[in-house]
Structures are given as C-alpha cells and as structure tokens.
Amino acid sequence: MERLEAFASRLIEGWSARLFGAKLQPVQIAKRVIRAMEAHQTISLSKTFVPNSYVVSLSPSDFAEFDQYRRSLEQDLSEAVLGAARDRNYTLLAYPTVEIERDEDLPPGDMRVSCALVDASGDEVAPDAKTLGAVESGHTMVLDREKLLREKPRAPKAAITVREGDDRRDIVLGSEPLAIGRDPQNDITLDDRRVSRKHAEIRLRLGRYTLYDLQSTNGTYVNGRRVAEVVLSDGDRLSIGGVELQFRATE
C-alpha cells in the first residue's frame, strides 16, 4: 500500500506540473530523493542500511532553472539525506552525495532518481544482507552527523593526463567535479579556439567517474566516438579540440 501511495503521489506531482506549468521546487526534489532512500532499505544484522549516492535526472528546462546554483543545491540535498537518515535511525556507509543531471527524455516537472550504496573508498557495495553483514561485522557504522561531515568519502584513485604538443601534465581526480574548457576558471584550461569556454566536466557518479559534454560547439570524443555522457574506464582517450587527454585508474 505504501508503494502504491508513493507511486500515485509521484504521478500526481508530475501531471500537475505539466498541466499548470508550475516550476519544479527544490523541496520537491528533496522529497523524491528521501522517498528513494526509504524505498531502498537493506536490513542487515542489527542495522538498516540505505543508499548514500544519488543521481537526480531533470528535464532540460528544469535543469536550466537550477544550473546557476546547482552545486549549492546538491550540497543542501546531501544534508537533507543525512538528516532524514538520522531521524529514521538508518545507517549510511559514507557521507551522502546527490548529483543533478540533465535528461533530454524527461518532460518538464518530472524527475528520475537513481541511487546506490557506495563505501568510503568510492566503490559500490552490493545491497544484500550478506555483503552488508560482513561490512557491519568489521566496522562500527555510527550515524553521527558531525563525523560524517568531517569524513567525506574518498574518491577512487584516478588521474587525467593532458598532452598539448610536447607538454604533458597529470591532474589527480577527486570527489569534486573537474571542469574542462577554454575559460581560465576551469580546472583544466585548454588554449584552443575549438574548445568551448565550458566544454566538459568529469564528475564522480555512483562510485565511478563520468564524463559529461556541456553542449560544446565541437563536441567531446572518447576513443574516437562523440559522446554526451560516458562512464570512463582505464586507458580511455579523450579528444577535446586539438588536445588529447587520457583517463588512468591508478588503483
């Protein structure tokens, strides 16, 4: 019955937004993320584990509404997940993260939430009692807000190698997004007229690094194929303008 009510609620929210042109509000996103948390509980020996890595997909128009303050909203949503988990006595494997992405197939007012259990090393954990039982027996998972805020998850060890002519440099990837483009404010600045000012971005998503093309003029290529979004694997070659980059998993 609870699942049926949640489904009906999502359906009504989506239709009301489309019929009346109401703008999507941050509180609606927070409610949907918390619903996803509640719907994906895994009960282990003495704890109830819930996902701590979330991806919220929005329509292009809704994404554009939030884009200017997306990073701040993602942090607020992470705090909301942490607070909701604490109120419900749920256990998180690591500090929760929420990422907002654009989905061309979604209509305005609608959204989709994906979630996963990701440990402190950035690896996805199978959501079953056996796996989490082993985790629980070896670690004391205390849902302490201040502790979790201090101990944010470590990202998988990886780096981007940038080659421009004879020059080569390595940039270590972390939990924060890595911006690539011609604008000097990017983390990787490429001095090439074929590169857009904000060309691409690499983000940690569900424990793996994902490359996003930011609607660049000349496109982003991985192993010779133009991509809009792709999960990166060790050895992948990225072509942006006339510059070649390589993704390397260092662990």
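**Exercise 1.** Determine whether Ser78 is buried or exposed, and identify the polar contacts of its side chain.

*Solution.* Step 1. Ser78 has a relative accessibility of 6% and therefore counts as buried; buried means under 20% relative accessible area, exposed over 50% and partly exposed in between, with a 1.4 Å probe and protein chains only. The model is predicted: local features need pLDDT of at least 70, side-chain atom pairs count only at pLDDT 80 or more, and totals for chains, interfaces and linings use all residues. Residues are numbered from 1 along each chain as its sequence is written, and side-chain values use heavy atoms, with hydrogens and water left out.

Step 2. Ser78 is found in helix H4 (helices are DSSP runs of H or I with at least four residues, numbered from the N terminus).

Step 3. The Ser78 side chain reaches the backbone oxygen of Glu74 at 3.0 Å and the backbone nitrogen of Val98 at 3.3 Å. A polar contact is a pair of N or O atoms within 3.5 Å; within protein, one must be able to donate a hydrogen and the other to accept it, and residues adjacent in sequence count only if both atoms are side-chain atoms.

**Exercise 2.** Classify the ring pair of Phe66 and Tyr69.

*Solution.* Step 1. Rings of Phe, Tyr and Trp (its six-membered ring) pair if their centres lie within 6.5 Å; planes under 30 degrees apart count as stacked, over 60 as edge-to-face and the rest as tilted. By this rule there are two aromatic pairs.

Step 2. The ring centres of Phe66 and Tyr69 are 6.0 Å apart and the planes stand at 85 degrees, so the pair is edge-to-face.

Step 3. Phe66 is buried at 3% relative accessible area, whereas Tyr69, at 40% relative accessibility, is partly exposed.

Definitions and conventions
Helix = DSSP H or I, 4+ residues; strand = E, 2+ residues; numbered from the N terminus.
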